[in-house]
Amino acid sequence: MNLRLTPIALAAALLGTATASLAQQQPAKETIKAAPKEAVKAAAAEPAIAKVEIKGSADEYDARRDDTASKTVMTHEEIIKYGDTNVFDVLKRAPGVTVIGNAIRMRGLGNGYTQIMVNGERPPPGFTMDTLAPDQIERIEVVRAATAENSMQAIAGSINIILKKVVSKPQRDLRINSAYSEQQRNLFINGTLADRDGQLSWYLNATASRFLGKNPSDSTEQFTSPSGQVLQLRDKASSQSNASSSVGLAPRLNWKLANDDQLNLSSYIQSQRFNYGNGTLTSNRIGSFPQPDYVDRQGDGRNTSSYGNIDVNWVTKIAGGKLDAKANIGRANSDNENHALSYTADRKTVFARVGATSSQFTHSGTSGKYTRTIFEGHALSTGWEASRQGSDDSNQRVEGIIGLAQNSINEEFHPVVTKVAAYAQDEWNVSKDWSVYLGARWETINTDSSGSGLQTTDSRNRVLSPVAQTLYKFPDKSGRQLRLALTRTFKAPNTGQLSARRYESDLNTRFNPDYSGNPDLKPELATGVDLTYEHFFAPGAVFSVGGSQRRISDYIRSKLTQDARGYWLIQPLNDGTATVRSLDVELKFPLKALMKDAPGFDFRASANRNWSRVDSVPGPDNRLDQQIPLTLVLGTDYREDKYSAGASLSYRQGGPVRISEQQSSRLQGRRELEGYLLYKIRTGYQLRLGVSNALGEDNLGDSQYIDTNGGSRTWTRSPGSARFSANLEMKF
């Protein structure tokens with residue numbers, strides 16, 4: 001529960017005379033402000049408090065401890081600690097979060113179930129998270145139970161990335177990062193200029209990066225008869241090289257107006273260029289394959305993309321409350337060219353495919369929140385969101401066997417997604433130890449798509465999502481508390497899943513099928529319950545254990561079939577129900593919490609155990625596709641005047657997954673060790689050395705398909721290696 005830090009209340013608190021009265025002041029969290037400098041100076045001038053230390057006080061507001069809605073907050077210091085250059089590497093150390101490549105998961109579930117937001121809103125098409133520099137981030141909130149204020153498309157939970165906005169002091173810094181591994185080299189430069197002049201503050205962040213990589217891999221494909229006899233067996237050796245460069249610019253302006261009003265302008269501009277080349281050589285070991293048998297495949301391509309947006313935010317007092325309104329507009333472009341050649345062993349038959357794809361994305365939207373304290377201990381909030389996202393896609397390709405007639409294909413695709421939402425929520429401080437949160441959100445998502453040679457489709461999805469949360473603090477002031485949340489969340493199908501558009505592979509097999517959407521898909525709906533026990537047993541120390549369950553209806557899964565022409569096709573469909581259960585444990589504490597004169601060590605540990613069951617898929621191992629069963633993270637940090645160091649070890653359990661009656665795969669178990677060493681060279685200059693994937697584990701894959709006609713199975717392997725980085729950080 002939160003306290004109003006008015007100048008009089010702050011001075012009284014520092015003198016130790018107003019504890020009881022402050023405990024009764026619990027207005028809306030949105031009205032909390034930093035104490036004016038004049039009050040701090042006045043309090044500091046009192047001789048009686050010259051020796052009083054308030055840092056780390058048990059009464060200090062802490063969002064994780066005091067907010068009724070459960071969340072874990074990563075501060076800016078934690079975000080930049082390891083010298084990461086992207087947000088995906090940062091989130092690997094967040095409790096309850098698992099990251100595989102660029103897929104962020106909570107409760108072991110992937111991006112479709114885990115909601116990713118920037119400043120409380122889902123990023124529009126064209127925005128790429130990997131260009132978002134950690135230096136721009138003020139904090140990251142990991143929200144386990146949904147709230148009406150944000151979209152309820154958060155069955156697994158939400159991760160909200162809050163960017164820096166208000167500048168409190170001048171900032172001029174530059175970071176140069178260089179990283180190297182056997183598979184990649186990277187150069188990253190980040191600079192920030194920020195200052196304030198009276199009621200105006202401004203912030204400018206710029207990034208530039210250059211990446212060079214190679215990714216060799218090996219795979220084996222096996223086809224068997226119904227009796228298990230190996231009919232066909234072949235090995236593939238693949239290689240891929242790529243080079244990319246990107247630049248980004250993030251300017252922000254903040255005006256403090258009369259009556260504590262604010263006007264904020266922010267923008268984000270990014271541009272990327274990507275080039276790649278790949279090749280695959282096939283060695284047939286057993287059996288013969290359909291003719292023409294392309295055993296040598298080579299290709300290359302390039303992609304250029306850009307994105308830009310403008311956000312306007314106005315905060316004002318009105319009718320006894322506060323209105324926080326936003327409007328945004330943005331545009332993105334993406335152009336891709338690719339060339340592919342496939343050869344038979346005698347190189348007499350050559351299949352060529354040349355393609356060009358162009359996409360233009362536009363988005364616009366508005367959102368707002370009005371907050372007012374009503375009655376005693378109630379904080380009422382209402383708000384809205386509305387957005388429109390459109391895309392104009394064109395695809396041109398020429399394909400066929402060289403020397404024979406070639407087929408020219410021209411396609412256009414025009415999806416439009418319109419979203420409207422309204423919500424209301426009430427935060428009620430029933431007593432000083434008990435608070436209740438009640439809310440409801442209505443959301444509608446309309447998706448219309450059309451294109452050349454395609455049936456025009458439209459999808460209308462509407463969901464009403466009530467939510468209730470409560471926080472009870474044990475009255476003995478021991479730091480022990482209980483949380484309970486009841487939620488109704490959903491996962492809406494994306495544009496690709498709803499479209500009738502078919503994406504054709506250049507060589508259709510079980511391992512490389514076509515893909516098509518399904519216009520009749522309905523959203524997945526989930527009813528959930530979360531129960532958490534937390535114990536804040538010392539300043540900076542916490543132990544928590546929580547359990548949750550989600551019951552999902554209209555579960556969407558992908559099914560691999562053969563169409564009437566015999567081509568392999570993956571298509572999504574609603575198929576029954578699923579159940580997800582999770583157990584989360586976290587322990588974090590400084591060594592000084594146990595030993596008063598201990599050195600400056602901090603320790604952290606977290607465990608996330610997940611279970612799931614898809615009713616329409618026979619067991620065993622009928623979990624939701626690609627759910628991680630268990631994630632463990634152990635970490636420690638040490639700090640002294642000139643040196644800081646830390647290490648983190650994570651373990652991700654693997655195991656078999658039954659996707660359908662015919663399909664199954666195996667998740668790879670994986671261990672990752674990373675560490676950093678920070679040396680403060682002199683004032684304003686420091687060197688940060690880091691290592692990630694220090695164990696250098698390879699990446700493995702295993703999937704199979706078995707029906708009455710026999711089975712097919714593929715094994716893949718790509719090498720991994722340790723990645724070393726050096727950061728030179730300068731403040732001017």
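Predicted model: local features only at pLDDT ≥ 70, side-chain atom pairs only at ≥ 80, totals over all residues.

Guide: Residues are numbered from 1 along each chain as its sequence is written, and side-chain values use heavy atoms, with hydrogens and water left out.

Visitor: How many aromatic pairs are there?

Guide: Rings of Phe, Tyr and Trp (its six-membered ring) pair if their centres lie within 6.5 Å; planes under 30 degrees apart count as stacked, over 60 as edge-to-face and the rest as tilted. By this rule, the count is 14.

Visitor: What class of pair do Y503 and Y515 form?

Guide: The ring centres of Y503 and Y515 are 6.5 Å apart. Since their planes stand at 40°, the pair is tilted.

Visitor: Which strands hold Y503 and Y515?

Guide: Strands (E, at least two residues) are DSSP runs, numbered from the N terminus. The pair ties together parts that are 12 residues apart in sequence, because Y503 lies in strand β21 (residues 502-503) and Y515 in strand β22 (residues 514-516).

Visitor: Is Y503 buried, partly exposed or exposed?

Guide: Buried means under 20% relative accessible area and exposed over 50%, with partly exposed in between (1.4 Å probe, protein chains only). The relative accessible area of Y503 is 38%, so Y503 is partly exposed.

Visitor: In what order do the strands of the open sheet with β21 and β22 run?

Guide: Two strands pair if DSSP finds at least two bridges between them. β21 and β22 pair in the antiparallel sense over 2 bridges, and Y503 stands opposite Y515 in β22. The edge strands, each pairing on one side only, are β21 and β25 (556-562). The open sheet has 4 strands with mixed pairing, in the order β21-β22-β26-β25.

Visitor: Is F589 buried or exposed?

Guide: The rings of F589 and F603 form a tilted pair, with centres 5.7 Å apart and planes at 35°. F603, at 31% relative accessibility, counts as partly exposed. F589 has a value of 15% and therefore counts as buried.

Visitor: Which residues are linked with F589 into a cluster by ring pairs?

Guide: F589 in strand β27 (residues 577-590) and F603 in strand β28 (residues 601-614) are 14 residues apart. Ring pairs link F589 into a cluster with F601, F603 and Y638.

Visitor: Which residue lies over the face of Y343?

Guide: A charge sits over a ring if NZ of Lys or CZ of Arg is within 6 Å of the ring centre and within 35 degrees of the ring normal. K491 lies over the face of Y113, at 4.9 Å from the ring centre. For Y343, at 3.9 Å from the ring centre, the residue is R347.

Visitor: With which side chain does the side chain of E672 make a polar contact?

Guide: E672 is in strand β33 (residues 670-682), and its relative accessible area of 18% means that E672 is buried. A polar contact is a pair of N or O atoms within 3.5 Å; within protein, one must be able to donate a hydrogen and the other to accept it, and residues adjacent in sequence count only if both atoms are side-chain atoms. At 3.1 Å, the partner is R670.

Visitor: Which residue in β6 stands opposite M117?

Guide: The open sheet β1-β5-β6-β4 has 4 strands and mixed pairing. Within it, 5 bridges join β4 to strand β6 (residues 157-163), and the two run parallel. Opposite M117 stands N160.
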